[in-house]
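Please keep the sequence and the three-dimensional view at hand while reading.

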Amino acid sequence: MAPKNKIISKEDIVSIYMNEVLEKGEKPKSVYHFVKDKDFTEAEFYSFFGTLEGLEKEIFRLFFDNTVKLLHQHEEYPQYDMKNKMLSFYFTFFEILTANRSYVLQSLKIDRNPLKNLTQLTSLRDSFKAYVAEILTDDYRLEVEKLQKFQEKTIQESAWLQLMLTIKFWKDDASPAFEKTDIFIEKSVNASFELMNVAPMNHLIDLGKFLFKEKIYSKQ
């Protein structure tokens with residue numbers, strides 16, 4: 001091991017891990033193999049991460065955290081409506097993914113079982129769903145409270161599916177500066193918010209209430 005010359009940080013370990021995966025084309029077999037010949041110990045690794053899998057999940061969660069931090073650096077962001085917040089998130093998030101494209105592509109194909117590759121995204125999924133719940137406004141909520149919780153979960157899961165489809169599109173995009181991904185983001189987000197329009201559904205619910213009351217009162 002090289003002489004220790006500084007206190008290792010979580011970000012240092014993440015950077016070293018990403019570089020190793022890229023250089024070797026595979027992930028380390030164990031924490032022991034990862035820290036071997038590094039400037040930090042297993043104990044220091046475990047002070048930040050429980051497993052290598054936990055480290056991998058943290059990388060994608062950090063991509064998310066950095067996206068949100070960048071968004072909040074813009075004074076006008078809090079005044080955006082939900083759709084513009086989502087568009088801003090997408091464009092910023094994919095700028096960060098693009099800056100780390102080699103690692104993302106490598107890490108998402110490293111295992112023959114695609115489901116195992118996707119386990120890296122579980123922390124990102126939790127953080128993104130919480131973000132969607134946070135920016136969800138009354139404009140997209142049904143008026144009936146009993147239906148709101150079910151609706152919110154549906155919106156979160158649909159938004160996650162849309163993000164996954166966008167990642168897939170971005171992975172396959174060969175256009176200059178990933179211009180087609182930008183177009184895909186704008187069109188898909190616009191389409192999803194059109195589908196989220198609750199006004200027609202609220203009108204149907206009002207009609208249902210009216211017909212129900214009319215039926216009840218007509219029997220009296």
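The numbered points below go from the overall fold to individual residues.

1. Basis of the note. This is a predicted model, in which local features need pLDDT of at least 70 and side-chain atom pairs count only at pLDDT 80 or more, whereas totals for chains, interfaces and linings use all residues. Residues are numbered from 1 along each chain as its sequence is written, and side-chain values use heavy atoms, with hydrogens and water left out.

2. Overall fold. The protein chain contains eleven helices and zero strands, and its pattern along the sequence reads α-α-α-α-α-α-α-α-α-α-α. Helices (H or I, at least four residues) and strands (E, at least two) are DSSP runs, numbered from the N terminus.

3. Burial and surface. The protein chain has 220 residues, and 39% of them count as buried. Buried means under 20% relative accessible area, exposed over 50%, and partly exposed in between, with a 1.4 Å probe and protein chains only. The accessible surface of the protein chain is about 13700 Å², and carbon and sulfur atoms hold 56% of this area. These areas come from the Shrake-Rupley method with a 1.4 Å probe; for residues, only the protein chains shown count as cover.

4. Contacts along the chain. A contact means heavy atoms within 4.5 Å. Among contacts in the protein chain with a separation of 6 or more, 69% are between residues 24 or more positions apart. A separate example of distance in sequence and space is the pair P78 and I135, which are 57 residues apart in sequence and 9.6 Å apart in space, C-alpha to C-alpha. P78 is in the loop between α4 and α5 (82-99) and is partly exposed, with a relative accessible area of 47%.

5. The surroundings of E56. Which residues are in contact with E56, leaving aside its neighbours within four places in sequence? They are Y17, K27, Y103 and Q120. E56 itself is in helix α4 (residues 52-72) and is buried, at 6% relative accessible area.

6. The whole structure holds nine salt bridges, each defined as a side-chain nitrogen of Lys or Arg within 4 Å of a carboxyl oxygen of Asp or Glu. Side chains of opposite charge can pair when their charged atoms come close. One of the nine salt bridges joins the side chains of E56 and K27 at 3.8 Å, N to O. E56 belongs to helix α4 and K27 to the loop between α1 (10-24) and α2 (31-35), so this pair ties together parts that are 29 residues apart in sequence. K27, at 30% relative accessibility, counts as partly exposed.

7. A salt bridge between two helices. K129 and E157 form a salt bridge in which the closest N and O atoms are 2.6 Å apart. Because K129 lies in helix α8 (residues 122-135) and E157 in helix α9 (residues 145-172), the pair ties together parts that are 28 residues apart in sequence. K129 is buried, with a relative accessible area of 15%, whereas E157 counts as partly exposed at 34%.

8. E58 counts as buried at 11% relative accessibility, and R61 as partly exposed at 23%.

9. A negative surface patch. E95, E179, D182 and E186 form a negative surface patch. Such a patch is made of residues with over 30% relative accessible area and no salt bridge, like charges being joined within 9 Å. Asp and Glu count as negative, and the place of a charge is taken as CG of Asp or CD of Glu. Helix α10 (residues 179-195) supplies the largest share of the patch, three residues. D182 is found in helix α10 and is partly exposed, with a relative accessible area of 35%.

10. Positive phi values. Most residues other than glycine have a negative phi. A177, which is not a glycine, has a positive phi of about 55 degrees, and F178, also a residue other than glycine, has a positive phi near 55 degrees. A177 lies in the loop between α9 and α10, where F178 is also found. Are these residues buried or exposed? A177 counts as exposed at 65% relative accessibility, whereas F178 is buried at 18%.

Definitions and conventions
Patches are made of residues with over 30% relative accessible area and no salt bridge: like charges are joined within 9 Å, nonpolar side chains (Val, Leu, Ile, Met, Phe, Trp, Tyr) within 5 Å.
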